[in-house]
Amino acid sequence: MSNKINIQENVSLAPLTTLKIGGNARFFVRAENEEQVIEAFKFAKRNSFELFILGGGSNILISDKGFDGLVLQIAIKGIFLENESSEKITVTAGAGEDWDKFVEFCIEKNLQGIECLSGIPGFVGGTPVQNVGAYGQEVSETIVSVRCLDRKTGEIIELSNTECKFAYRTSIFNTTDKERFIVLAVKYDLYVDGNPKIAYPDLQKSFAEKIPTLKEIRETVLAIRSEKSMVINENDLNSRSAGSFFKNPIVSTKVFQTVEEKARTLKLIEENEKLPNYPVDGENVKIPAAWLIENSGFYKGYTRGNAGLSTNHALAITNRQNATAAEILGLKNEIQNKVNQNFGIFLTPEPIFVGF
């Protein structure tokens, strides 16, 4: 494979995202190996261009004016297995591998650890950045290390799970060292013939009487996600989204009690009813953002211009027609302000905003 990079100019970014929104990249490179990533990085540095790293485009909103620098799409492929004789197998995947196909591959090999993360769009390289999670599972539970290009030193390094500082939907890649590392590959430890994780209420309900196979968990998760239009489907307008647009807020038990009282005052829950929540630890609870949104006057299918909420899931902001990034932001702001006004909680967006 050649190490030479093909630098393209004025490339439309909208088709490379799941929201199908965004202007052009001034320069664009698709890197299929580590050497090409290094070359592109050097090209940007030499010319003092801002650099944006693109994966599967599933968790980003690109501005209408595009990106005035170099967009580098990581397309490194390859899946490698180690320690195949033991009960735990180490699987390394290139950052450009399609995430859902990778999950399917692992399940076919009967490897447990990422089965609940079926159907999530995007590439492998994006999973440690967001500490991707769904249905009671997070990638940080299985990630051993992340292979990266360190933009500070220009060297390729391996960051251990601990060094990645994973927390709910965060890591060093999207907090403290946001612009520093380019993910090249991710290493996971998965269990041979392990029992699937059934922590999520919907899954517990589905398999009340039996221990399902990994394949059955995958099929059930895909069915649940499809019902909510959270599986990319060209024929489903609802799936033209960036997935969940807001993080579920984690608040102290004291703040939670205040929110619950507010909900009672507003007659949103009965006197003896509990506000939906998931305990995080002894001091904090997670409130479903979808509940806060729907109880602030936004219903499934709510529209504002060409942007709207999915008709199947209040957490997904969708491109209903030919929405602009400005329209998506307008709806985002409207939701944040209303939820904050009603409950004193400011919802944090999940997607990365590019070129604003």
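Colleague: Which residues touch the most other members of the largest nonpolar core?

Modeller: V37, L72, W99, F102, F173 and Y188 do, in a core of 57 residues. A nonpolar core here is a set of buried Ala, Val, Leu, Ile, Met, Phe, Trp, Tyr and Cys residues joined through side-chain atoms within 4.5 Å. Buried means under 20% relative accessible area, exposed over 50% and partly exposed in between, with a 1.4 Å probe and protein chains only. Bear in mind that this is a predicted model, where local features need pLDDT of at least 70, side-chain atom pairs count only at pLDDT 80 or more, and totals for chains, interfaces and linings use all residues. Residues are numbered from 1 along each chain as its sequence is written, and side-chain values use heavy atoms, with hydrogens and water left out.

Colleague: What is F102 in contact with, leaving aside its neighbours within four places in sequence?

Modeller: I79, V91, A93, I114, V124 and Y188. Contact means heavy atoms within 4.5 Å.

Colleague: Why is C164 called buried?

Modeller: Because its relative accessible area is 0%, against a cut-off of under 20%. C116 also has 0%, so it is buried.

Colleague: How do you know that the span of helix α6 agrees with what it should be?

Modeller: The expected span is 1.5 Å times one less than the number of residues. For the 13 residues of α6 (residues 253-265) that gives 18 Å, and the end C-alpha atoms are 18 Å apart, so the two agree.

Colleague: What puts the buried residues of α6 on the same side?

Modeller: F256, V259, E260, A263 and R264 are the buried ones. They cover an arc of only 145 degrees around the axis, so they sit on the same side of α6. The arc is that of the directions from the helix axis to the C-beta atoms. The face turned away from that buried side carries the exposed residues K254, T258 and T265.

Methods: Helix = DSSP H or I, 4+ residues; strand = E, 2+ residues; numbered from the N terminus.
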